[in-house]
Amino acid sequence: MSEHELRVSKIRNGTVIDHIRAGQALNVLAILGIDGSEGEAISVGMNVPSDRMGRKDIVKVEGRELSQNEVDVLSLIAPDATINIIREYEVAEKHRLERPERVVGVLSCPNSNCITTGSEPVESKFEVLADGVRCEYCETIVRDDLAAHISVK
């Protein structure tokens with residue numbers, strides 16, 4: 001290692017999300033509800049060189065394994081990402097993200113007239129499309145800035 005390189009230390013237990021599209025790491029943190037206020041150790045690499053992607057982001061979170069809901073939503077904004085579960089400094093599990101056919105209760109519909117945005121206790125349901133998502137109630141399609149519509153914490 002040259003004197004001009006910076007190495008991020010390994011984590012003992014937790015999750016490493018690798019191969020995130022460049023510029024999406026902060027959205028990944030938002031999806032996971034991570035803002036640093038809980039005291040968890042977080043490492044974020046943005047726009048780092050990648051043989052496979054040209055440039056990529058990486059997020060390491062100490063002491064946390066992701067739920068299936070979190071993984072499903074991550075797949076919408078980081079479809080090429082891999083999830084590595086770390087236990088005692090070793091990769092215990094490695095998963096490639098797979099886009100689900102639908103996501104339930106994790107996105108908010110931007111249509112103010114949709115039944116899911118009113119006072120009714122209706123959980124949002126979106127069909128996952130090749131280029132976005134479609135609300136199963138009002139048919140509104142969201143293609144851009146999916147991270148802004150995430151409501152899971």
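## Overall composition

The protein chain contains 2 helices and 9 strands; helices (H or I, at least four residues) and strands (E, at least two) are DSSP runs, numbered from the N terminus. Read from the N terminus, the order of elements is β-α-β-β-α-β-β-β-β-β-β.

This is a predicted model, in which local features need pLDDT of at least 70, side-chain atom pairs count only at pLDDT 80 or more, and totals for chains, interfaces and linings use all residues. Residues are numbered from 1 along each chain as its sequence is written, and side-chain values use heavy atoms, with hydrogens and water left out.

## Dimensions and burial

The C-alpha trace of the protein chain spans about 55 × 30 × 25 Å along its principal axes. Of the 153 residues, 39% are buried, that is, under 20% relative accessible area with a 1.4 Å probe, protein chains only.

Contacts (heavy atoms within 4.5 Å) were also examined. Among those with a separation of 6 or more, 58% are between residues 24 or more positions apart.

## The four-stranded sheet

Strands E6, E7, E8 and E9 form, in that order, an open sheet with antiparallel pairing. Its edge strands are E6 (102-104) and E9 (141-142), each of which pairs on one side only. Two strands count as paired if DSSP finds at least two bridges between them.

Strand E7 (residues 125-129) and strand E8 (residues 132-135) run antiparallel and are joined by 4 bridges. Leu-129 has Gly-132 in E8 as its bridge partner. In general, strands of a sheet pair through backbone hydrogen bonds, either parallel or antiparallel.

Key: Buried means under 20% relative accessible area, exposed over 50%, partly exposed in between (1.4 Å probe, protein chains only).
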